[in-house]
Amino acid sequence: MTFDLDDTFYDNWPIIMRAEQSLMQFIASSYPLAKHISSTHWLSFKAEALQQQPELKHDMGKLRLASLRLRLASAGY
């Protein structure tokens, strides 16, 4: 399996945007106190997670989970 991380073979952005939209809808319906947090704040939570756990820079799955935890914690969860 290969990944086209730099969009050389196809445009990934429509897929990424749909996934982000689905995540935002899930958060809004499952965690109503967090629905006000926009996806534009995502980078600040990601940066905070990396500051707290720099070893996550090589594991995007764990980094995403850590960012989600920070995001939900900021909303009171």
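Does Leu50 count as buried, exposed or partly exposed, and at what relative accessibility? In the predicted model examined here, Leu50 has a relative accessibility of 27% and therefore counts as partly exposed, since that class lies between the limits of 20% and 50%. The residue is found in helix H2, which spans residues 42–52. When residues up to four places away in sequence are set aside, Leu50 touches Leu56, Lys57 and Leu63. The separation from Gln21 is 29 residues in sequence, and the two C-alpha atoms are 23 Å apart in space.

The protein chain as a whole contains three helices and zero strands, and its elements follow the order α-α-α from the N terminus on. Taken along the principal axes, the C-alpha atoms fill a box of roughly 40 × 30 × 20 Å. The chain has 77 residues, of which 25% count as buried. Its accessible surface amounts to about 5,900 Å², and carbon and sulfur atoms account for 62% of this area. With regard to the contacts that link residues at least 6 apart in sequence, 51% join residues that are at least 24 apart.

Side chains of opposite charge can pair when their charged atoms come close. A search of the whole structure finds one salt bridge, in which the side chains of Glu20 and Arg64 meet at 2.7 Å, N to O. Glu20 lies in helix H1 and Arg64 in helix H3 (residues 60–74), so the pair ties together parts of the chain that are 44 residues apart in sequence. As to the accessibility of the two partners, Glu20 counts as buried at 16%, whereas Arg64, with a relative accessible area of 30%, is partly exposed.

Helix H3 is also the place of Arg71, a residue that is buried yet has no salt bridge. Apart from neighbours within four places in sequence, the contacts of Arg71 are with Leu23, Met24, Ile27, Ile37, Ser38, Ser39, Trp42 and Phe45.

Ser39, one of the residues in contact with Arg71, also provides a reference point for the position of Gln21, as the C-alpha atoms of Gln21 and Ser39 are 8.6 Å apart in space and the residues are 18 apart in sequence. Gln21 itself is found in helix H1 and is partly exposed, with a relative accessible area of 47%.

On the surface, a nonpolar patch is formed by Phe9, Tyr10 and Ile15, which together have about 390 Å² of accessible area. Of these residues, Tyr10 is placed in the segment before helix H1, the helix that covers residues 13–30. The relative accessible area of Tyr10 is 45%, so this residue is partly exposed and lies above the 30% limit that membership of a patch requires.

How values were computed. Residues are numbered from 1 along each chain as its sequence is written. This is a predicted model: local features need pLDDT of at least 70, side-chain atom pairs count only at pLDDT 80 or more; totals for chains, interfaces and linings use all residues. Side-chain values use heavy atoms; hydrogens and water are left out. Patches are made of residues with over 30% relative accessible area and no salt bridge: like charges are joined within 9 Å, nonpolar side chains (Val, Leu, Ile, Met, Phe, Trp, Tyr) within 5 Å. Accessible areas come from the Shrake-Rupley method with a 1.4 Å probe; for residues, only the protein chains shown count as cover. A salt bridge is a side-chain nitrogen of Lys or Arg within 4 Å of a carboxyl oxygen of Asp or Glu. Helices (H or I, at least four residues) and strands (E, at least two) are DSSP runs, numbered from the N terminus. Buried means under 20% relative accessible area, exposed over 50%, partly exposed in between (1.4 Å probe, protein chains only). Contact means heavy atoms within 4.5 Å. Lys and Arg count as positive and Asp and Glu as negative; His and the chain ends are not counted.
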